[in-house]
Amino acid sequence: MAKAIAANGLTFLIVFLFFVGSVILWIRAQYQNDGPLTEAICLVVERGSTMDRVGQFLNAQGAISSELIFRLGADYSGKTNQLKAGSFIVEPNASMQRIVADITGSGASSCSTEVVYRIGISQLVVEIRQLDLLDRQYQILARINLPNEEIPETLLNQQTKPGVRFRIALAEGVTSWQVAESLKQIDILTGDIPELPQEGSLAPASYDVIRGDDRRILLTQIQNEQMSRIVDAWQKRSKDSPLSTQEDMVNLASIIEKEAGLSKERKKIASVFVNRLLRGMRLQSDPTVIYGITQGKGVLGRGLRRSELNEKTPWNTYRVDGLPLTPISNPSLESLIAAVNPDDTTYFYFVADGTGGHAFSETLDEHNQNVARWRQIEAERKKVNN
């Protein structure tokens, strides 16, 4: 009798365990397999929201088959407490596993309204954009130049919608003063900027921010990114580079950034400056003269005068040997790499060619001919404009 009871109990246990295992496998398949959503939706996760609330929304939108499985999957993977605020595109047929990964990942928003503060060489531009989920293209709702224009009230309302993504984009070649002054004008940020960051210490890139972020903390993030790039570029330097320090690399890269109208010319322009350094020639770069005049505070807005080219400042590379006193802008990673990995050329001169690029030459005679062509192009353009 006892043996029969034990055998039946063992059989029941085996059946029960098999059933539980089957259920677990089914739940896992439901969590990992394609979901029921037929069209992309925008999921807005507000600050303070919970995985339960997200599951309720997704279930109501037909994006998941079970709130319970969604929550169990998030719990089992240890991601329930990693929920990020933002707005996220939920793709058609996205699995619950994919959705949980997206909303607990970087926190960078991927849909809804986007406000981009573009810190450029001459001005701060605010772009308010809306993503069309059908063609995945951003539609520009407004573009405002600060501080000259005010943001209309209707667009201010767009900024306060749940799930709005805020980004600050630094253009390549901006100066630290331009960045600091622009950050002061961005009213979603808080805190002071006690001192101007060193020229060259900021990484041109796009940075996600949220309302209330501190300006000093943001600048530290931007500086850390630039330091990482500097270390990376320095590790990749050519053994033939005449630059002996990372500071020299940043200095030269800042000039390359200002001179390169076309990205593809960076290494060729770098070769001209490196060739000059190796031969003991002065760099003779106009942007260094301009920096000596403006100290990076705004744009000169006119051509250089002969007296300014002749005036000796610590940045005027027509008058000082080698590199200027400090960098003259915040260079990109591409310019940093170009500074220590230039093209192998015999060029010593370059001048604008009228296409956005430059004409390069080995000798002064060739250079003077290129300069004459450029002046002719300038004269013809003036006639057309007048």
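Predicted model: local features only at pLDDT ≥ 70, side-chain atom pairs only at ≥ 80, totals over all residues.
**Stop 1: the largest pocket.** Select Glu 259, Asp 286, Pro 287, Leu 304 and Tyr 318, which of the 45 lining residues lie nearest the centre of the largest pocket. The space in this pocket comes to about 1400 Å³. Next, colour the elements that each give two or more residues to the lining: helices H8 (246-259), H9 (266-279), H10 (286-294), H11 (306-310) and H13 (364-385), together with strand E8 (349-352). Which of them gives the most? H13 does, with seven residues. By type, the lining has 22 nonpolar, 14 polar and nine charged residues.

**Stop 2: Ile 168.** Move to strand E6, residues 165-170, and pick Ile 168. Is Ile 168 buried or exposed? Ile 168 counts as buried because its relative accessibility is 0%, and the cut-off for buried is under 20%. Now show its contacts beyond four places in sequence: among them are Tyr 117, Ile 119, Leu 183, Ala 205 and Leu 218. Select Arg 118 as well; its C-alpha atom is 6.1 Å from that of Ile 168, although the two residues are 50 apart along the chain.

**Stop 3: two loop residues.** Go to the loop between strand E2 (86-90) and helix H4 (96-103) and select Asn 93. Asn 93 is not a glycine, yet its phi is positive, near 65°. With 39% relative accessibility, Asn 93 is partly exposed. Then select Gln 295, in the loop between H10 and H11. Phi of Gln 295 is also positive, near 55°. Its relative accessible area is 36%, so Gln 295 counts as partly exposed.

How values were computed: Residues numbered from 1 in each chain as written. Heavy atoms only, no water. 1 Å grid on protein atoms, 1.4 Å probe; cavity = no way out; pocket = protein on both sides within 12 Å on 5 of 7 lines; lining within 4 Å. Points joined across faces, edges and corners; volume = space filled by probe spheres on them. Helix = DSSP H or I, 4+ residues; strand = E, 2+ residues; numbered from the N terminus. Nonpolar A, V, L, I, M, F, W, Y, C, P; charged D, E, K, R; others polar. Buried < 20%, exposed > 50% of the residue type's maximum accessible area, 1.4 Å probe, protein only. Contact = heavy atoms within 4.5 Å.
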